[in-house]
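Subject: Structure for you to look at

Hello,

I am passing on a structure that you have not worked with before, and below it I have set out what was found. Please read the notes with the model open beside them.

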Number of protein chains: 2
Amino acid sequence: MNRPTLKDIATRAGVSVSTVSYALNDESTLPLAVNTKVRIRAIARELGYVPNSVARSLQSRSSQTIGVLLNKPLTTPRYAEIAQGLNEGLAARGFHLALLGGESAARCVDDARGGRLDGLVFIGHDDQEVPGDLATQVTEHHIPFVTLDCGPATSPGSWSSVDFDYATGVEQVLEHLADQGVTRIVHVRPDVTSRADRTRVAAVETTTVVRGMELRTIATGMTDELLARVDGQPSESAEYTSGMANRLDAGLAWLDGASAATTALVCSWGSDVEAVYHWAAERDGRLRVAALAGGALDPRFWRGLTYSRLPLHEAGIACAGLIIDAHTKRASPTRRALAPSLDIGDAPHQRRRN
Amino acid sequence: MNRPTLKDIATRAGVSVSTVSYALNDESTLPLAVNTKVRIRAIARELGYVPNSVARSLQSRSSQTIGVLLNKPLTTPRYAEIAQGLNEGLAARGFHLALLGGESAARCVDDARGGRLDGLVFIGHDDQEVPGDLATQVTEHHIPFVTLDCGPATSPGSWSSVDFDYATGVEQVLEHLADQGVTRIVHVRPDVTSRADRTRVAAVETTTVVRGMELRTIATGMTDELLARVDGQPSESAEYTSGMANRLDAGLAWLDGASAATTALVCSWGSDVEAVYHWAAERDGRLRVAALAGGALDPRFWRGLTYSRLPLHEAGIACAGLIIDAHTKRASPTRRALAPSLDIGDAPHQRRRN
């Protein structure tokens with residue numbers, strides 16, 4: 001690369017290498033004639049000198065790079081949005097984001113111990129636990145560490161965490177529906193055992209009681225076991241998807257035109273919304289549809305949808321701030337809970353039939 | 001972090017620091033009793049020794065990290081899919097991917113010159129040019145550099161490039177439609193001036209002549225100027241989206257039931273497909289819809305859609321291989337052109353009306 005060295009600058013300036021080093025170091029307290037400093041810096045610029053940032057890393061024990069562990073591909077929209085926020089937050093403070101994923105916990109921890117990474121951020125999903133070996137090793141080796149969406153229970157006070165306040169999201173949606181005259185909530189929900197899902201179920205039960213709404217439940221047929229299969233092989237979801245309409249038909253056989261206008265189908269999972277929305281549009285346009293959690297749906301295509309949008313981008317930015325503070329200031333662990341925002345898609349719909 | 005040093009291992013083993021260094025270095029050719037080596041390595045493991053990878057970087061002049069310049073957020077699905085492929089390709093060879101975006105060209109080049117990054121990958125879009133200052137600086141400083149989807153013209157032979165073979169994608173789609181009995185192509189296309197779009201227009205014209213199909217064109221109203229506005233402010237696209245149905249209505253006023261069965265609406269842009277597909281489904285279910293370029297549409301929701309799928313993931317992997325070769329072997333620049341694949345969505349559709 002033919003990078004000019006301190007020696008090249010010293011030769012050109014007719015001074016010692018140490019003088020060049022002092023002149024280029026902003027933090028040097030050594031007195032140096034202002035003229036000399038200005039002249040040496042001009043020569044450095046002219047020669048295209050760049051300080052060796054690896055050498056600087058060795059000295060400062062900082063690579064200015066944070067490793068981010070994603071356990072799902074970036075093509076999963078929620079992960080892309082989180083990673084984007086993280087990257088913006090890190091870049092704003094001069095840090096790089098290194099994407100991890102395939103690596104073992106041991107390899108990531110080695111990279112952090114060896115100085116290649118200044119810290120690790122683990123992106124979970126609906127209260128997913130931090131893998132046990134990773135949790136043990138980051139604690140043992142005092143690696144700066146932050147978790148996102150792993151649930152408060154998995155942050156044992158030794159690292160910072162960012163979580164979503166799923167209960168508030170549920171309240172926002174149901175309060176809005178009640179205000180719109182909805183008197184019956186049909187909760188379309190999976191049979192999975194995550195804490196986030198239990199939180200949503202409890203919040204739906206509480207809020208419907210508080211607002212005096214009737215509550216019915218339709219199980220989508222998604223279980224922990226099926227979820228694991230679908231994650232490994234997306235085609236496994238075909239039966240699930242095609243079964244959704246039948247379950248809705250069976251679960252809502254009693255629904256007549258009069259009650260449709262005051263009934264809302266509320267989906268626990270953002271990923272069920274597309275199927276439920278299409279079903280409702282075919283069945284009775286007056287049925288309302290709402291989603292309790294999810295990333296970004298394009299509002300142009302979801303007229304009238306009530307949507308609890310997770311602050312994914314904001315969560316990424318929050319993680320960036322916490323991990324940099326953990327690295328640079330050895331800041332004490334903190335917990336942040338971010339509330340979703342309520343979106344109501346009411347832009348013109350592509351399908352003119354609606 | 002209390003990282004054990006070579007000295008700690010030497011003290012415990014009762015040997016010199018040099019002996020420890022030789023014993024832990026796989027590439028050392030110094031003869032050392034096998035017993036000694038095994039014993040020292042066991043102690044290193046026991047103490048939890050990790051080689052200081054920053055010091056190793058300084059020695060090898062390699063950070064094992066590649067910077068990837070994305071000029072759109074990761075939430076753009078095509079960028080997420082490319083980044084995912086890149087990350088897998090880099091991880092498979094022990095490299096990290098550092099996401100860049102906000103940084104100036106000068107900053108990225110400085111990071112590469114200073115040893116913090118081993119090379120740069122620039123992700124373009126439809127023959128987007130490499131920014132002039134970046135092109136100048138990577139050439140001037142011999143930075144390992146690879147471009148994706150910037151068009152053959154922007155690779156002046158000083159770096160490797162990966163591009164998409166858009167013309168072959170067009171041929172695949174039109175050949176398939178002709179084989180299915182389609183005799184009239186309505187090309188729904190933007191008024192933008194990118195090389196990729198000119199390539200597609202030329203390939204549509206040639207292939208329809210070769211296959212004896214009639215060709216009509218409907219302009220979507222998207223221009224370079226509008227595109228720049230929409231990129232900055234997505235809400236700017238509302239009028240564009242709502243205008244699409246009117247343009248299709250006006251452009252296809254002559255269409256009757258008999259001709260619908262042998263007509264295909266072929267979209268130059270993947271992002272127009274959703275609107276065109278819904279329009280066609282409302283208007284006449286026998287109209288075929290095809291898309292000439294794009295990322296991944298979920299086939300469950302696009303029954304009968306003919307789709308030229310860009311090999312985005314594969315392109316990411318190809319870039320990873322080229323940039324690592326440029327860094328490690330100083331390999332000569334090469335150009336790769338990847339052909340799209342033909343997807344025909346015919347899985348059961350969510351909307352039972354079809």
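Helices (H or I, at least four residues) are DSSP runs numbered from the N terminus.

Please bear in mind that this is a predicted model, in which local features need pLDDT of at least 70 and side-chain atom pairs count only at pLDDT 80 or more, while totals for chains, interfaces and linings use all residues, and side-chain values use heavy atoms, with hydrogens and water left out. Residues are numbered from 1 along each chain as its sequence is written, and chains are lettered from A and ligands numbered from 1 in the order in which they are written.

To return to the helices, the axes (lines fitted to C-alpha atoms over the stretch in contact, with angles from 0 to 180 degrees between N-to-C directions) of H1(B), residues 6-13, and H3(B), residues 34-47, come within 10 Å and cross at roughly 125°. The two are therefore oblique to each other, since angles under 35 degrees count as roughly parallel, over 145 as roughly antiparallel, 65 to 115 as roughly perpendicular and the rest as oblique.

A second pair in chain B is H5(B), residues 77-91, and H14(B), residues 312-328, whose axes come within 7 Å and cross at roughly 45°, which makes H5(B) oblique to H14(B) as well.

As for the two chains, a rotation of 179° with 0.0 Å of shift along its axis superposes chain A on chain B with an RMSD of 0.2 Å, by least squares on the C-alpha atoms of residues with pLDDT of at least 70 in both. That is the relation of a two-fold axis, and among the residues of chain A it is Ala98(A) that comes closest to the rotation axis, at 2.2 Å (C-alpha).

On confidence, chain A averages a pLDDT (the predictor's confidence in each residue, from 0 to 100) of 83, and 88% of the residues score at least 70. Over residues 347-354 of chain A, however, the pLDDT is below 50. For the complex, the predictor gives an ipTM of 0.74 and a pTM of 0.79.

Best wishes

Note on methods:
Contact = heavy atoms within 4.5 Å.
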